[in-house]
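Colleague: I would like to go through this model with you step by step, beginning with the whole chain and then turning to its parts. Could you show it to me before we start?

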Amino acid sequence: MTTKTYYNNESESFFENTFYVDMEPLYRAFLRYLPAEGIILDVGCGSGRDALYFSQKGYQVEAFDYSEALVKLAREKTKLDIQVGSFYEITAKNQYAGIWACASLLHCERDRLPEVLQSLIDALQNGGVCYLSFKYGSEDREKEGRHFTDLNEEQMAQLLSPHKNILLLQQWITSDNRPDRDDEWLNIIFQKRGD
């Protein structure tokens, strides 16, 4: 089983387990750095929960996920034009005020993280802000057919350090808000400061 197959097969249960989770503290941390309007890209949007929130706050939102089944559910529930796509295929340049990659890049192959991060930076406008989250750890692992790339602070620093045109604004660890989980998450917010 691949990660995509897992989400296609488990789309309804994944939707129910994630759509209603309270993400308000993370939203506040992200939005405090954004202008009152602009385009937000939701990378690997899953259930569409976060894309819907940002849309309701008045932002123009573009969102995609790699799972066709999740995209179908998210479109139905949010009424947003969510697309099927991969974070390996982002080609936009200087387009977004914000990029939200919540619990999505944790499925990126570790050796491709630098290329995906570069594409996110390229897609941000100067002054734009990006939020990333990974399960806290240091290993690559498989769980229920899904690939996970966990990161800790040192690995995140190594990932970000080659990029002289970004400024780390915040880095913090949170606990999973789902009642049946005890995972910890590494959260990052950085800003693009010009090429």
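Colleague: What percentage of the 195 residues of the protein chain count as buried?
Modeller: Please keep in mind that this is a predicted model, and that a residue is called buried when its relative accessible area is under 20%. By that cut-off, the share of buried residues among the 195 of the protein chain is 53%.

Colleague: Which radius of gyration does the protein chain have, and why does it agree with that of a compact globule?
Modeller: A compact globule with 195 residues would have a radius of gyration near 16 Å. The value for the protein chain agrees with this expectation, because it is 16 Å.

Colleague: Where do the buried residues of helix H2 lie around its axis, and against which helices do they pack?
Modeller: Helix H2, which runs through residues 11-18, has Ser 11, Phe 14, Phe 15 and Thr 18 buried. They cover an arc of only 100° around the axis, which means that they sit on the same side of H2. In an α-helix there are 3.6 residues a turn, so residues three or four places apart point the same way. The buried residues of H2 pack against helices H1 (3-9), H4 (49-56) and H5 (68-78).

Colleague: Why is H4 described as largely enclosed, and what covers its buried residues?
Modeller: The buried residues of H4 are Arg 49, Asp 50, Ala 51, Leu 52, Tyr 53 and Phe 54. Because 6 of the 8 residues of H4 are buried, the helix is largely enclosed by the rest of the structure. The cover over these buried residues includes H2, helix H3 (24-31), strand S1 (39-43), strand S2 (60-65), H5 and strand S4 (96-101).

Colleague: Which residue with a positive phi follows H4?
Modeller: The phi of this residue is near 100°, and the residue that follows H4 with this positive value is Gly 58.

Colleague: Is His 163 buried or exposed, and which residues does it touch?
Modeller: His 163 is found in the loop between helix H7 (153-160) and strand S8 (166-175). Its relative accessibility is 12%, and therefore His 163 counts as buried. Leaving aside residues up to four places away in sequence, His 163 touches Leu 117, Gln 118 and Ile 121.

Technical notes. Residues are numbered from 1 along each chain as its sequence is written. This is a predicted model: local features need pLDDT of at least 70, side-chain atom pairs count only at pLDDT 80 or more; totals for chains, interfaces and linings use all residues. Side-chain values use heavy atoms; hydrogens and water are left out. The radius of gyration is taken over C-alpha atoms; the globule rule is 2.2 Å times the number of residues to the power 0.38. Buried means under 20% relative accessible area, exposed over 50%, partly exposed in between (1.4 Å probe, protein chains only). Helices (H or I, at least four residues) and strands (E, at least two) are DSSP runs, numbered from the N terminus. The arc is that of the directions from the helix axis to the C-beta atoms. Contact means heavy atoms within 4.5 Å.
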